[in-house]
Amino acid sequence: MLISGAGIAGPALAHWLHRYGFAVTVVERAPELRTGGYKVDIRGAAIEVAERMGILQDIHRASTDMRTGAYVNGDGTRIATLPAEILGARTGRDDEIMRGELARIHSERTRGDVEYVFGDSVTSISPTPTASSATTAGPTTTSSPTASSKLDSVEVTFERSSPRRFDIVVGADGVHSTVRRLAFGPEERFVRHLGGYISAFSLPNDLDLDREELYHALPGKLVCVYHSAGAPAAKGLMTFRAPRLTYDHRDAMQQLSLLGAAFMGHDTGTPPTGCWSEIPRMLEAAREAPDFYFDGLNLIEMDRWSSGRVVLLGDAAHCPSPASGQGTGMALVGAYVLAGELAAAGGDTARAFGRYEEEMRGYVTVNHRLTEKFAKEMTAGSWPAIRFRHLMMRILPYMPWKNLVAKKIAEGVQRAANAIALKVYPVPTAPPTVAPAPPLAAAPSITATRSTT
């Protein structure tokens with residue numbers, strides 16, 4: 001089986017597939033594991049999946065351990081402060097972790113059992129009949145139902161590697177998925193823009209923050225600087241309202257220009273009235289950051305997530321946008337469900353893909369609705385609206401019913417995070433020995449790590 005994408009969803013799926021005895025290859029466009037990114041929430045059903053994976057304690061150990069969040073005015077004075085748990089709508093065992101730390105945890109858990117090829121990507125996917133047994137799509141024992149001469153396979157070509165056949169191709173390659181484009185059509189058919197853009201990047205911790213996040217609101221804009229436990233640097237987050245913009249999602253300079261124009265003005269190049277004095281410094285840091293990220297607040301909406309022997313996972317299938325705070329959790333849950341249904345279907349991919357969609361659809365729908373709500377509320381549209389929000393935050397800690405208010409804030413998020421009843425898929429106590437798939441014939445400069453089992 002081929003998984004395109006070594007972010008969060010792809011390695012999580014590889015983890016489960018290996019436990020079921022599948023042989024897996026993961027191909028990733030980036031030259032190495034991407035360890036940047038912003039903080040992400042693990043809550044609800046995703047906590048249960050992480051526990052079943054055996055990584056929940058790893059997540060807790062790598063927690064951001066955020067303590068407070070505060071809104072600041074133009075000169076940086078804190079005008080409203082709340083506990084981080086209220087701002088993050090976390091309860092119980094819910095936690096928050098840097099995306100790069102979660103990627104590292106997945107990598108450490110799978111790199112000895114799964115073939116990873118970095119610096120390459122899929123260029124074409126063509127269904128082909130095969131007269132041989134499936135060597136990469138299922139448990140490769142002679143009794144495996146996937147060892148059938150009647151199965152189709154998929155021929156995949158790569159930017160740098162030789163063509164190769166797989167029984168299944170999984171697109172776990174994000175909102176701008178190449179696999180989705182090749183198998184389902186142009187990205188524009190599936191993207192719904194929610195009226196805003198977001199950027200995230202590392203920057204020096206010149207404010208000496210310690211597990212604290214500072215927010216500053218402008219009409220139609222919101223910025224945040226935060227520092228998480230043990231991090232040498234801070235992180236910046238900048239969001240702004242805008243209709244759909246035309247730009248290349250791989251052209252960082254073009255994106256930086258759009259970000260600067262949104263916050264400093266197209267013509268004047270000066271901050272707007274009331275602007276936090278840190279904003280020019282943030283924009284300068286964005287230009288220097290090795291992990292600069294910029295994208296629209298977009299939903300991916302599709303009628304189906306599979307076509308033949310190609311199936312989509314995570315953001316490639318149903319991105320809820322960063323506004324939801326649920327994308328990482330949905331990726332973990334989706335990986336668990338897809339792997340479990342593939343193992344339970346005994347080689348019947350049509351049945352497995354159908355059940356995967358049946359299990360996930362309601363969960364995705366609830367989280368998409370939450371995203372639409374949050375995308376509208378993320379930025380206030382006027383100074384009066386911003387002042388009212390600040391007032392509510394200032395008086396909340398002194399309200400006798402503050403716990404009820406906090407519970408109400410978390411209610412919608414928790415409902416969405418738990419909007420799926422996870423099946424228990426039997427996992428072999430000792431996974432069958434799997435014959436490793438032949439490695440991709442990669443160019444010498446491509447980094448490849450492969451299974452030794």
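1. Let's start with one residue. Glu212 is buried, since its relative accessible area is 14% (buried means under 20%, exposed over 50%, and partly exposed in between, with a 1.4 Å probe and protein chains only). Glu212 sits in strand β13; helices (H or I, at least four residues) and strands (E, at least two) are DSSP runs, numbered from the N terminus. Leaving aside residues up to four places away in sequence, Glu212 touches Met66, Thr68, Ala70, Arg78, Val225, Tyr226 and His227, where contact means heavy atoms within 4.5 Å.

2. A word on what you are looking at. This is a predicted model, in which local features need pLDDT of at least 70 and side-chain atom pairs count only at pLDDT 80 or more, while totals for chains, interfaces and linings use all residues. Residues are numbered from 1 along each chain as its sequence is written, and side-chain values use heavy atoms, with hydrogens and water left out.

3. Now the overall picture. The protein chain has 13 helices and 19 strands, and 54% of its 453 residues are buried. Of the contacts with a separation of 6 or more, 76% are between residues 24 or more positions apart. The accessible surface of the chain is about 19300 Å², and carbon and sulfur atoms hold 53% of that; accessible areas come from the Shrake-Rupley method with a 1.4 Å probe, and for residues only the protein chains shown count as cover.

4. Back to β13 and its sheet. Here 7 strands form an open sheet with mixed pairing, in the order β5-β4-β13-β14-β15-β12-β16; two strands pair if DSSP finds at least two bridges between them. β5 and β16 (293–300) are at the edges with a single partner strand each, so one side of each has no neighbour in the sheet. From one strand to the next, the twist averages 20 degrees (axes are lines fitted to C-alpha atoms, for helices over the stretch in contact, and angles run from 0 to 180 degrees between N-to-C directions). Helix α8 (residues 279–288) packs on this sheet and touches β12 (191–203), β13, β14 (221–226) and β15 (234–241), with its direction at about 85 degrees to that of β12.

5. Next, the β5 end of the order. Strands β4 (residues 68–72) and β5 (residues 78–83) run antiparallel and are joined by 5 bridges, with Thr68 opposite Pro83. The two make a hairpin with 5 residues between them, and Gly76 in the turn has a positive phi of about 90 degrees. On to β13 (residues 212–218): 4 bridges join this strand to β4, and the two run parallel. Gly69 has Glu213 as its bridge partner there.

6. Which residues does Lys235 touch, apart from those up to four places away in sequence? They are Gly37, Met98, Phe201, Ser202, Leu203, Cys224, Val225, Tyr226 and Asp291. Lys235 belongs to strand β15 and is buried, at a relative accessible area of 14%.

7. Strand β3 (residues 39–42) deserves a look too. Lys39 and Asp41 point one way, Val40 and Ile42 the other, and all are buried. In a regular strand, side chains alternate between the two faces of the sheet. β3 runs antiparallel to strand β6 (residues 95–98), with 4 bridges joining them; Lys39 has Met98 as its bridge partner.

8. What about salt bridges? The whole structure has 31 of them, each being a side-chain nitrogen of Lys or Arg within 4 Å of a carboxyl oxygen of Asp or Glu. Glu48 and Arg52 form one (3.0 Å, N to O); they are 4 residues apart in helix α2 (residues 45–53), so about one helical turn separates them. Arg67 pairs with Asp210, the closest N and O atoms being 3.6 Å apart. That pair links distant parts of the chain, 143 residues apart, with Arg67 in the loop between α3 (56–61) and β4 and Asp210 in the loop between β12 and β13.

9. One more pair: Glu301 and Arg192 form a salt bridge whose closest N and O atoms are 2.9 Å apart. Glu301 is in the loop between β16 and β17 (306–307) and Arg192 in strand β12, so the pair ties together parts 109 residues apart in sequence. Elsewhere, salt bridges that share partners join Lys39, Asp41, Arg43, Arg90, Glu96 and Glu213 into one network.
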